[in-house]
Amino acid sequence: MTTVGYAIALTSLVGEALALAEGLGLDPALFGEVVSGGPLDSAYLQAKMKAIMDGDFSPSFTLRNAEKDTRLIGEAARSAGVHVDMNDAAGERFRRALGQGHGDEDMAAAYFAGFSSGS
């Protein structure tokens with residue numbers, strides 16, 4: 001579950017950062033410039049950032065499956081008496097993107113949940 005949780009959190013944060021930059025009228029590529037080559041950089045982060053920037057949401061792991069996994073992780077955590085706030089927030093973000101019609105796209109499509117219009 002740790003790897004799945006990491007992927008869920010990182011994908012959510014990348015999408016949120018890029019949506020925020022765009023919403024503030026900034027070039028989302030600036031986020032990439034800030035993190036690239038630094039301690040927060042990773043091949044996974046670069047791949048999801050590129051997918052979002054290119055508008056390529058071909059699924060490697062669908063948003064629908066990622067949302068399901070946030071529910072399973074949450075249930076497991078609650079049964080162990082553990083709070084997983086980041087997971088729960090990502091699940092909510094995924095559910096918003098599902099409601100916008102992005103369920104069969106890559107989980108990076110949770111990026112769209114950052115916008116009221118969903119696009």
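## A buried phenylalanine

Phe-57 is buried, at a relative accessible area of 10% (buried means under 20%, exposed over 50% and partly exposed in between, with a 1.4 Å probe and protein chains only). This is a predicted model, in which local features need pLDDT of at least 70, side-chain atom pairs count only at pLDDT 80 or more, and totals for chains, interfaces and linings use all residues. Residues are numbered from 1 along each chain as its sequence is written, and side-chain values use heavy atoms, without hydrogens and water.

## Aromatic pairs

Rings of Phe, Tyr and Trp (its six-membered ring) pair if their centres lie within 6.5 Å; planes under 30 degrees apart are stacked, over 60 edge-to-face, and the rest tilted. The count is three aromatic pairs. One of them, Phe-57 with Phe-112, is tilted, with 5.1 Å between centres and 55 degrees between planes. Phe-112 is also buried, with a relative accessible area of 12%.

Tyr-111 and Phe-115 make an edge-to-face pair, because their ring centres are 5.3 Å apart and their planes stand at 70 degrees. Tyr-111 is buried at 9% relative accessibility, and Phe-115 at 16%. Phe-57, Tyr-111, Phe-112 and Phe-115 form one aromatic cluster.

## Nonpolar core

A nonpolar core is a set of buried Ala, Val, Leu, Ile, Met, Phe, Trp, Tyr and Cys residues joined through side-chain atoms within 4.5 Å. The largest has 14 residues, of which Val-14, Leu-18, Leu-45, Ile-52, Phe-57 and Tyr-111 touch the most other members. Apart from it lies another core of 11 residues, including Ala-7 and Ile-73.
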